[in-house]
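Have it open as you go through the points.

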Amino acid sequence: MEKRIVIPGDLLSDDIRVSGSGTYVADGTVRAALYGLMNKGERYISVIPLAGRYIPQTSDRVIGVITEVTYSNWIVDINSPYDGLLHISQYPRRIEIEQMSRYLKVGDCILTMVKDVDASMKVELTLRDKDRELRRLSDGRITAISPTKMPRVIGRSGSMIRLLKSEIGCNMFVGQNGRIWINGSEDRIDLAIEAVRYIEANAHTPGLTDRMQAFLKAKKKTRFGKTYENEDEEEWR
Amino acid sequence: MSEKPEHFIVDGKRLDGRRVDELRPIKIEIGTLGRADGSCYLEWGNNKVLAAVYGPRELHPRHRQKMTRSVVQFRYNMASFSVDERTRPGPSRRSIEISKVSREAFEPVIFTKFFPRTAIDVFVEILQAGAGTRTAGINAASLALADAGIPMRGLVSACAVGKVDGEIVLDLMKEEDNYGEADLPVAMTAGRQITLLQMDGHLTTEEFYRALELAKTGCDQIYELQRQALIEKYSKEYTTEIEEEGPAPAGEPEGDADE
């Protein structure tokens with residue numbers, strides 16, 4: 001796959017059928033709409049942005065913070081220009097309107113899903129799902145990176161996130177909005193955040209998963225003398 | 001303030017030694033402000049300008065929100081120390097006008113319909129002024145918008161042309177601006193679609209078209225510089241990264257072992 005840096009207005013192709021995200025069609029040509037990396041596939045060309053805000057899309061899983069409790073709705077900051085609305089009926093169990101703040105109060109963090117976004121960008125959220133994965137986050141830590149760099153933290157079909165989880169030995173969830181929830185012992189969370197920062201700084205470069213492996217190897221040696229696998233958890237805690 | 005020189009062009013050279021179709025030197029830095037979504041610092045001759053872009057973000061007051069598109073807000077501001085004689089801080093008749101025309105220079109190129117109900121804020125601060133600050137501001141803002149990841153049809157490049165000693169010259173400097181016969185700032189996209197065109201002074205129709213042609217060549221040169229700056233920003237990071245790659249893993253375990 002060919003990748004190069006493009007700037008808005010750059011000519012990408014003469015075949016308008018290949019126009020993908022981050023591109024636009026003008027005068028029968030496909031041009032870049034964004035400053036980013038051109039991603040050229042066989043049947044499409046898209047531009048991966050290097051910066052930008054999170055724009056909610058249906059079925060995105062995001063990490064939000066309650067900013068306000070109104071009559072029948074929680075208003076949720078989802079790290080986007082648009083606020084999320086969590087209706088009382090989207091809470092996993094039936095609750096009374098008067099009791100809303102007993103379940104979710106201002107400042108609480110939730111792992112939620114975008115249920116629907118309409119044309120005027122009203123964002124409806126939900127906490128109901130089959131797998132019971134959506135919930136209030138009562139432990140762990142949350143860090144944030146640019147939402148455009150979030151895909152690199154997950155990696156191709158989840159390779160990077162799997163590496164991070166198994167190598168560091170912590171639980172992680174990467175929200176589409178660039179917020180990342182990490183749970184584990186303090187040391188492991190620190191290391192995970194360092195790793196995420198490393199990915200953010202190098203998101204535009206290829207071969208990240210391999211370098212991440214080397215990065216973690218070096219870090220673990222420097223920090224604790226040995227690698228985690230040989231170590232008894234209690235010792236370094 | 002300097003006196004009016006007797007001749008602006010001597011032996012085909014201008015006061016600062018430039019040819020009539022030559023730009024002043026330009027220096028560009030992208031991503032200078034950490035807290036802004038996109039930013040750019042630009043030096044152009046004696047001009048020093050800083051542009052910052054925030055957004056798309058929530059627009060207040062709410063009644064100014066547009067249900068189908070984003071609102072572009074542009075603020076051009078001169079620092080009180082940017083000119084010889086201290087200017088009164090805050091918006092003036094001149095800066096309000098420049099903010100408006102600069103905003104209109106960007107509105108046609110930004111895909112505002114992607115972000116309904118939001119604002120895209122552009123701030124341009126003139127730290128040092130030396131003729132042609134509005135064009136410098138537009139060039140910097142264009143790069144800051146790209147750096148912020150705002151979708152656009154293309155970059156906007158701007159430059160001024162003018163008339164001194166009866167000749168059409170590119171990119172006026174201070175004296176030429178103050179005592180010249182005409183000043184014509186132009187902004188356009190790489191596809192040569194004009195998004196800003198102002199004129200002060202007098203030009204004949206024939207001179208006007210000649211000036212416009214010269215402005216186009218100037219904008220093309222600036223576009224190339226803008227493009228280089230954007231591409232270099234990431235290629236530089238990439239190459240330094242590769243250099244660090246080699247020695248780092250080997251050297252680190254020793255140095256930080258006692259941490």
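**Notes on the model**

1. Let's start with a pair of residues in chain B: Trp44(B) stands opposite Asn47(B) in β5(B). Their strands, β4 (residues 38-44) and β5 (residues 47-58) of chain B, run antiparallel and are joined by 7 bridges. A word on terms: strands are DSSP runs of E of at least two residues, helices are runs of H or I of at least four, and both are numbered from the N terminus. Two strands count as paired if DSSP finds at least two bridges between them.

2. Before going further, keep in mind that this is a predicted model, where local features need pLDDT of at least 70 and side-chain atom pairs count only at pLDDT 80 or more, while totals for chains, interfaces and linings use all residues. Residues are numbered from 1 along each chain as its sequence is written, and chains are lettered from A and ligands numbered from 1 in the order in which they are written.

3. Back to those two strands: which sheet do they belong to? They sit in an open sheet of 5 strands with mixed pairing, in the order β3-β4-β5-β7-β6 (chain B). At its edges are β3 (26-30) and β6 (71-78) of chain B, each pairing on one side only. On average, neighbouring strands here are turned by 15° against each other, direction ignored (axes are lines fitted to C-alpha atoms, for helices over the stretch in contact, and angles between N-to-C directions run from 0 to 180 degrees).

4. Now look at β10 (residues 182-189) of chain B, where 7 of the 8 residues are buried. Buried means 20 or more other C-beta atoms within 10 Å of the residue's own, exposed means 12 or fewer, and partly exposed is in between, with C-beta atoms placed from the backbone. What does β10(B) pair with? Another is β12 (residues 200-201), antiparallel over 2 bridges, where Ala182(B) has Gly201(B) as its bridge partner. Then there is β11 (residues 194-197), also antiparallel, over 3 bridges, with Met188(B) and Ile194(B) as bridge partners. The hairpin of β10(B) and β11(B) has 4 residues between the strands, and Arg192(B) takes a positive phi near 60° there.

5. Chain B as a whole has 5 helices and 12 strands. Its C-alpha trace spans about 70 × 50 × 40 Å along the principal axes, and buried residues make up 44% of its 259 residues. Of the contacts in chain B with a separation of 6 or more, 69% are between residues 24 or more positions apart. A contact here is a pair of residues whose C-beta atoms, placed from the backbone, lie within 7 Å.

6. What about the inside? The largest nonpolar core has 86 residues, and those with the most contacts inside it are Ala51(B), Val53(B), Val122(B), Ala140(B) and Ala144(B). Apart from it lies another core, of 19 residues, including Ile145(A), Leu191(A), Ile199(A) and Met212(A). A core is a set of buried Ala, Val, Leu, Ile, Met, Phe, Trp, Tyr and Cys residues joined through C-beta atoms within 7 Å. Leaving aside neighbours within four places in sequence, Val53(B) is in contact with several residues, among them Ala36(B), Ile120(B), Val122(B), Ala144(B) and Ile150(B).

7. Chain A is divided into domain 1 (2-49), domain 2 (61-137) and domain 3 (141-230), with bounds from an automatic or database domain assignment. The C-alpha centres of domains 1 and 3 of chain A lie 30 Å apart.

8. Chain A also has an open sheet of 3 strands, β2-β4-β3, with antiparallel pairing. β2 (11-13) and β3 (23-26) of chain A each have a single partner strand, so one side of each is left without a neighbour in the sheet. The twist averages 45° from one strand to the next. β3(A) and β4 (residues 29-32) of chain A are joined by 4 bridges, and Tyr24(A) has Arg31(A) as its bridge partner.

9. Is Tyr44(A) buried or partly exposed? Tyr44(A) is partly exposed, because 15 other C-beta atoms lie within 10 Å. Tyr44(A) lies in the loop between β5 (36-40) and β6 (45-49) of chain A.

10. Finally, the contact between the chains takes 25 residues from chain A and 35 residues from chain B. On chain A's side, helix α5 (residues 208-224) gives the most, with 5 residues. That side divides into 14 nonpolar, 8 polar and 3 charged residues, where Ala, Val, Leu, Ile, Met, Phe, Trp, Tyr, Cys and Pro count as nonpolar, Asp, Glu, Lys and Arg as charged, and the others, Gly among them, as polar.

Note on methods: Two residues are in contact if their C-beta atoms, placed from the backbone, lie within 7 Å.
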